[in-house]
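Open the structure in your viewer and keep the sequence panel beside it. Each stop below says what to select and what is there.

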Amino acid sequence: MPHFIIDCSKQIIAKKLPSTIMQQVYEAAKSTGLFLPEEIKVRINSFEYYNTGNTSDNFIHVFGNIMEGRNSAQKANLSKQIITELKEMFPEVPIISMNIRDFEKAAYCNKEMA
């Protein structure tokens, strides 16, 4: 925990290596101090087919899935840190966004817990 899943248009990964994009998101999440560095997970999905407001504008959207317990200010700072990094990497991309969802501790299970 946490998981950061980056959805983007395929042109994004033609501009920068996926590993570079994922590392920037990792570093931004780590910089908040909210997570143990070894627990931060980042993945990327690129899309060839998509519709962004009836356009084909490039886009990046990050889904942040974190364990419940952080307050709204912490979550807002996390989003701002990640979006700031992506905006610096991709100033020409018109759509860069993020949302955060909380995992419920009572419903979460992983391999070690089973």
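Begin with H3, which lies across E1, E3 and E4 and runs at about 150° to E4. Helices (H or I, at least four residues) and strands (E, at least two) are DSSP runs, numbered from the N terminus. Axes are lines fitted to C-alpha atoms, for helices over the stretch in contact, and angles run from 0 to 180 degrees between N-to-C directions. Contact means heavy atoms within 4.5 Å.

Before moving on, note that this is a predicted model, in which local features need pLDDT of at least 70 and side-chain atom pairs count only at pLDDT 80 or more, while totals for chains, interfaces and linings use all residues. Residues are numbered from 1 along each chain as its sequence is written, and side-chain values use heavy atoms, with hydrogens and water left out.

**The sheet**

Select the strands. Four of them form an open sheet with mixed pairing, in the order E2-E1-E3-E4. From one strand to the next, the twist averages 15°. Strands of a sheet pair through backbone hydrogen bonds, either parallel or antiparallel. Two strands count as paired if DSSP finds at least two bridges between them.

Go along the pairs:

- E1 and E2 are parallel, with seven bridges; Asp7 stands opposite Asn45 in E2.
- E1 and E3 run antiparallel and are joined by six bridges; look for Ile6 opposite Val62 in E3.
- E3 and E4 are parallel, with nine bridges; Met67 has Phe103 in E4 as its bridge partner.

Next, select H2, which lies across E1 (3–9) and E2 and runs at about 140° to E2. The axes of H2 (residues 18–31) and H3 (residues 72–89) come within 9 Å and cross at roughly 145°. From H2, the contact is made by Thr20, Ile21, Gln24, Val25, Ala28, Ala29 and Ser31, and from H3 by Leu78, Gln81, Ile82, Glu85, Leu86 and Met89. Eight of these residues are nonpolar, four polar and one charged. Here Ala, Val, Leu, Ile, Met, Phe, Trp, Tyr, Cys and Pro count as nonpolar, Asp, Glu, Lys and Arg as charged, and the others, Gly among them, as polar.

**Two single residues**

Select Ile12, which is in H1 (residues 10–15). Ile12 is buried, with a relative accessible area of 1%. Leaving out residues up to four places away in sequence, Ile12 touches Ile21, Asn58, Phe59, Ile60, Phe90 and Val93. Ile12 and Val93 are 81 residues apart along the chain, and their C-alpha atoms are separated by 8.5 Å.

Finish at Thr52, in the loop between E2 (41–47) and E3 (59–67). Is Thr52 buried or exposed? Thr52 counts as buried because its relative accessibility is 17%. Apart from neighbours within four places in sequence, Thr52 is in contact with Asp57, Phe59 and Ile95. A polar atom of the Thr52 side chain lies 3.4 Å from the backbone oxygen of Asp57.

Conventions. Buried means under 20% relative accessible area, exposed over 50%, partly exposed in between (1.4 Å probe, protein chains only). A polar contact is a pair of N or O atoms within 3.5 Å; within protein, one must be able to donate a hydrogen and the other to accept it, and residues adjacent in sequence count only if both atoms are side-chain atoms.
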